[in-house]
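Today I am looking up aromatic rings. I want to know which ones pair up, and what sits over their faces.

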Amino acid sequence: MHLSKEQNTKVEELLSQMTLEEKIGQMNQESPSIVGGFDVPFEELIEMMTDGRISAEEFQNMMSAAERDFHENDIRAGKVGSLLLDDPGKSNELQRIAVEESRLGIPLIIGFDVIHGYRSVYPIAIAEACSFDEVLFEETARIAAEESRAYGINWNFAPMIDVARDARWGRVSEGPGEDPCLASAFARAKVRGLQDDSADSYVAACLKHYVAYGACEAGRDYNTTSMSISQLHNVYLPPFKAAAEEGAATAMASFNDLNGVPCTVNSYTLRIILKDTYGLEGFVVSDANGIKECVTHGIAEDDADAGIQAVKAGLDMDMGTHIYKEYLKDAVSAGKVSADVIDDAVRRILSVKMWLGLFENPYVPEETMAKYQDILPKKHVEKVREAAEKSIVLLKNENQTLPLKRSQKISLVGCLAADKNEVCGAWAMGWKEADCVSILDGLKGAGADVVYYPCGGPVGDISEEEIQKASADCDVIVAVVGELTNMTGEASSKANIKMPGKQRKMLEKLLESGKPVIAVLMNGRPLALGWEDEHLPAILECWHLGIQMGNAVAAVLLGDKNPEGKLSSSFPYANGQCPVYYNHPNTGRPGSRSKFTSRYLDAPFEALYPFGYGLSYTTFEYQELKAEETEDSVKAAVTVKNTGTVDGRECVQLYMQDVAAGLVRPVKELKAFQKIFLPAGTEKKIELELKKQDMGYYDNDGIYRLEDGMFRIYAGGNSRDCLCEELRIEF
Ligand code: BGC
C-alpha cells in the first residue's frame, strides 16, 4: 500500500475537519450479527449453513434481511466506518448514504471473508500451499480480488497466515501449514495478488489472525497460547513480517491470549512489532467480538475498560461490539485515551480507503455486477483447476496402483464422491452449486468407466449391501473418504483425527473384495492415517479443492496430470502424536528405537508423512549436493534426475540446521525451494541460494542473531530424505 503525497495531504485535511464522534465512527465496523433482525450470531449462521441446517439460499436471504435493518441513520451520522457485507446491491445503497448523505462523505470500507476465492473457489490454503508455487498463490489471489471487488467487497479478510502445527485445530485448513518459510512465501504472494494496485480491481488484504492463534493449546480453538519470545519471532511472526513488508494494508488481531495478554489488547505485538517494527501503514481490526471477549478473558473489568486497553494497544477498528462507539468518547474526555491515539487510528483507516480509491470510485458499476452474476470467466475456471491439480499430494502408491487405466472398471465409493456441496471446504461463501464439479462428475467427464456406490460417508451408517455391490463388478475401487466441510474451519477442533465415522470400517469391508482399494482423501486437516497406510495400496490427498475439484482429481487418477504436490503439514500415524512437525528443536535424546529417547512406547516418534513429502508417477533421484559459501550467501547445487518413465514436476527443497547455537535450534528449517519440470530420463543441476542474513534466529529478547559456526545444508524432495553437507560460516 502506497499513498502519494497528495493522497496523504487529503487524509490530513479530512482528519482536521472531523469531530471526535466522526473519528470514532470510522473505528466502528457494523456486521449483520449485531444490527440484524435476528438473534443468531453471524458465526452460528455460517455453521448452520455449513452443516446444512439452512441452505445457502436461506443464508443469503437472512443476510439480506439483516442488512436491510442496518442502521442507515448511523451511517448518515458518520458513525460507521466499515461494513461486513457481501451484497453488491446493498453495498452500493449503503455506500451512497455514506458518500452522499453523511457530513464529510467518507466512503465505507466493506470487508468480507474471501479466504480462498469468492465465486471461483480455489483450494483451501493448507492444500494450495502444497503446490509450493508462489506464482500460483499470487494468481489465485488476483482472481479473488477481482471477483470480490465486483461483489462490492473492497477488503478481504485474508490471507490467513497462522503457522499451525497441531492438526486437532480445525483452522489448520485455512492457513498455509506448519512451516514459517513456506507460510511467508504464501503470505507475500497473497498480498501481491490481492493488493496489485496497477490492476483494474484490487482489495486491501487483512493479515490474520495476529498472532500465534495457531499455537492454541491442545489444538482447541480460542484456547490460550504461551511460548517464548524466541519461538514467537522464529515461528509465528515471520509470515506477518513478510506480508507487512510486502505492504499489506491491514491486519486482524486474534482471539487468543499470548503469554497472558489477549492479542486484542497486546501493545507489544500490535504497536511495537507490527506497526513500529514491521511498518504496517494501514490499520488493525479486532476479530469478531474480540474486544468484548477481553472481559471474559479476565483482562478487562468491563466493556469500557476493554475498549480503552484495545485502542491504546493499537487496535484501530472494532469488529462487531459497538464498544468503541459507546465508550471511546467519554474515555477521551476523561483523559484516559489521548486524542493522538484516536487520530493515529483514523489516519490509518482513511489512508486505506484513500489508497483503495474509494473516494473517487465508491460504487460497484452495474455492468461489473452483472458480468459476475452470470457465468464465470473461463480464465478463472482454468486457473482454479490448475490450482486444484497442483495441490493434490500422492501419499502412497504401491506397485504403481495409480494412475488408473481408462480400460479399468472403477467402483467409486463414498458419499463425498458425488457431493458438489462438499468440494469447496471451510470459509467458502460465494460459490454456486452449478459451478462445482464432484469427483463422480469429473471421472465421468474424463471418460472413465465408473459406477458410483454411496456406501457411506463421514457421518452416519455404512451400507453393507452397497459395499457388496461395489466390490463385485469392478477392477479397482476408488473410495472417497475424509471429512465434511464443517469438520474443519473455525470452532471445529477435534480430539480424534482418525478417519471420521464408519469410513474405516467401510474400507475394511471393501478390502475383503481382494481388489485394490485406493483412498482419495477429501479433508481439511492432516488425518492420523497409520491404519490406512498399512492396509491400502494407494492414497491420494485431495483436500477440499474448490469448484474444479472433480476435474482435478480425475486428471490425476487417470494419469492425465502427474501429481506434484508436497505436504504443507506433517501427517501423524496416531492421534497422540499431535503436534507433530518436522522443524522441532532437538532434545538431548533424539527419538530412536532405544528406550530412553524422546519417543512413544506405542507409536512411532516421527511423522507418517513428513512436511515437504509427496510422490509422483515418476521417481526423482538427488545427487552431488555441493554447498559453497559466497560473500553474502550459501549456494547449494544439487543434481536432480527423473529416473522414471514419465515427465514430472518436482519441488527441490533446501533446509538448514544451525549445529550449535546460543539457543537450541530446529533439527531442520526450510530456507528455499524451487519447482522444476524434468522430462523422463533427464537430469538437471539446480542451484538454490540461502542468504546469510537468513541463517540467524531471534533470541528471547527478540534480537536477531547471526552466530558463526557449523551449519548443515540439506537438499531433497522432502524434509526427511535429504543429502547433507556441512559448512563453517563466519558472518
Ligand atoms: C473469524 C475471522 C473472520 C471473522 C469475520 C471470525 O469469527 O475468526 O477469521 O474474518 O469472523 O467473519
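**Notebook: aromatic rings**

I started with tyrosine 609, which is buried at a relative accessible area of 3%. I keep in mind that this is a predicted model. I then checked tyrosine 613 and found it buried too, at 11% relative accessibility. Both values fall under the 20% cut-off for buried.

Next I looked at how these two rings sit. The centres of tyrosine 609 and tyrosine 613 are 5.4 Å apart and the planes are at 10°, so I noted the pair as stacked. Stacked needs planes under 30 degrees apart.

How many aromatic pairs does a search of the whole structure find? I got 18.

I picked out tyrosine 222 with phenylalanine 255, an edge-to-face pair. I read 5.3 Å centre to centre and 75° between the planes. Where do the two residues lie? Tyrosine 222 is in the loop between strand E5 (206–210) and helix H11 (229–236). Phenylalanine 255 is in the loop between strand E6 (250–253) and strand E7 (257–258). The two are 33 residues apart in sequence, so the pair ties those parts together.

Are they buried or exposed? I found tyrosine 222 partly exposed, at 36% relative accessibility. Phenylalanine 255 is buried, with a relative accessible area of 7%.

I also looked for a cluster. Phe132, Tyr582, Phe611, Tyr655 and Phe673 form one.

Last, I looked for charges over rings. Arginine 96 lies over the face of tyrosine 363, 4.2 Å from the ring centre. I found arginine 149 over the face of tyrosine 202, at 5.7 Å from the ring centre.

Technical notes:
Residues numbered from 1 in each chain as written. Predicted model: local features only at pLDDT ≥ 70, side-chain atom pairs only at ≥ 80, totals over all residues. Heavy atoms only, no water. Phe/Tyr/Trp six-rings, centres within 6.5 Å; stacked < 30°, edge-to-face > 60°. Helix = DSSP H or I, 4+ residues; strand = E, 2+ residues; numbered from the N terminus. Buried < 20%, exposed > 50% of the residue type's maximum accessible area, 1.4 Å probe, protein only. Lys NZ or Arg CZ within 6 Å of the ring centre and 35° of its normal.
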